Amino acid sequence: MKYLIALGWFLIVCNSWSQSLSKRENEELYKDYREDQFYISITYNVLNNKIDPIAQTGFSPGVHFGFIRDMPINERRNVAIGLGLGLSANSYNQNLSIVNNGSAIEFAVFNERLVSVDKNRFSTYLIELPLEFRWRTSTPTKYSFWRIYAGMKIGYMFYNSAVLESSLGNQRLSNLDVFNRFQYGLTFSAGLNTWNLHLNYNLSSLFNDDALLNDTSLDLAAFKIGLIFYIL
């Protein structure tokens, strides 16, 4: 009987020690666990708030990449705040021509029956600060999981350009003051494992109050839709 009692106590002690060790190992595993700190995104850029006769022509791509510091706020570390720094390059192909008449920048939409336009686009390049609230089903050992990240981006346009090639002549302009340097908008990313939908809805206009078409303000804003890929 004494041997059975001793064996019972031994098993209890071993089980407690095993659970304590497992807990310490689990805590150690989760201690520095972070997720999705590098990103790259490819988007199709849509112009919102267009007025007649402005229209997009062809494909308008965007490429975005950067680093987001993942800061978990719960014990499991699958809920986090993300704050980062990134770069964004965007191109917009459309029929809105930006021309320098020698004394000022003017906007026009050419009559296609009278003027042949081979290339007409403007491009923007930004430094961005993304801020996200992040939820995921991940663990330190689970590499395929669902994620939903929502937040906002604040950007500074450090460079812009406009290219026009037409039967009236060619122009290549850069760093125009008619662009709105500060950009901001809402973001949303969701998906499973590698494939994630990414949306970026700008709340700010691409142009400032000096941008007019036929005495009407250009309130064009960008809506970007595409895929985003995360790397630890």
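The legends below describe close-up views of a predicted model. Residues are numbered from 1 along each chain as its sequence is written, and side-chain values use heavy atoms, without hydrogens or water. Local features need pLDDT of at least 70 and side-chain atom pairs count only at pLDDT 80 or more, whereas totals for chains, interfaces and linings use all residues.

View 1. Helices (H or I, at least four residues) and strands (E, at least two) are DSSP runs, numbered from the N terminus. Along the sequence, the order of elements is α-β-β-β-β-β-β-β-β-β-β-β-β-β. Of the 232 residues, 40% count as buried; buried means under 20% relative accessible area, exposed over 50%, and partly exposed in between (1.4 Å probe, protein chains only). Among contacts (heavy atoms within 4.5 Å) with a separation of 6 or more, 70% are between residues 24 or more positions apart.

**View 2. Strand 2 (residues 61-72) has side chains that alternate between two faces.** Gly 62, His 64, Gly 66, Ile 68, Asp 70 and Pro 72 point to one face and are buried. Two strands pair if DSSP finds at least two bridges between them. Strand 2 pairs in the antiparallel sense with strand 1 (residues 38-48) over seven bridges, and Phe 65 is the bridge partner of Ile 40. With strand 3 (residues 79-93), strand 2 pairs in the antiparallel sense over 11 bridges, and Asp 70 stands opposite Gly 82. Six residues separate strand 2 and strand 3 in this hairpin, where Arg 77 in the turn has a positive phi of about 65°.

**View 3. Asn 93 lies in strand 3.** Asn 93 counts as buried because its relative accessibility is 16%. The side chain of Asn 93 reaches the backbone oxygen of Phe 59 at 2.6 Å. Not counting residues up to four places away in sequence, Asn 93 touches Gln 56, Thr 57, Phe 59, Ser 60, Asn 120 and Arg 121.

**View 4. The loop between strand 1 and strand 2 contains Asn 49 and Pro 53.** Most residues other than glycine have a negative phi, and most peptide bonds are trans. Asn 49 has a positive phi of about 60° and, at 44% relative accessibility, counts as partly exposed. A cis peptide bond, with omega about 5°, joins Asp 52 and Pro 53.

**View 5. Two cavities of 30 Å³ or more are found in the whole structure.** On a 1 Å grid over the protein atoms alone, a cavity is a set of points where a 1.4 Å probe fits but cannot get out; lining residues have an atom within 4 Å of a point. Grid points are joined across faces, edges and corners, and a volume is the space filled by probe spheres set on the points. The largest cavity holds about 100 Å³. Its lining has 16 residues, of which Leu 126, Glu 128, Gln 183, Asn 202 and Lys 224 are the closest to the centre. Strand 7 gives the largest share of this lining, four residues. The second largest cavity holds about 50 Å³ and is lined by Tyr 39, Ile 68, Pro 130, Glu 132, Lys 153, Thr 187, His 198 and Ile 228.

Definitions and conventions. 1 Å grid on protein atoms, 1.4 Å probe; cavity = no way out; pocket = protein on both sides within 12 Å on 5 of 7 lines; lining within 4 Å. Polar contact = N/O pair within 3.5 Å; in protein donor to acceptor, adjacent residues only side chain to side chain.
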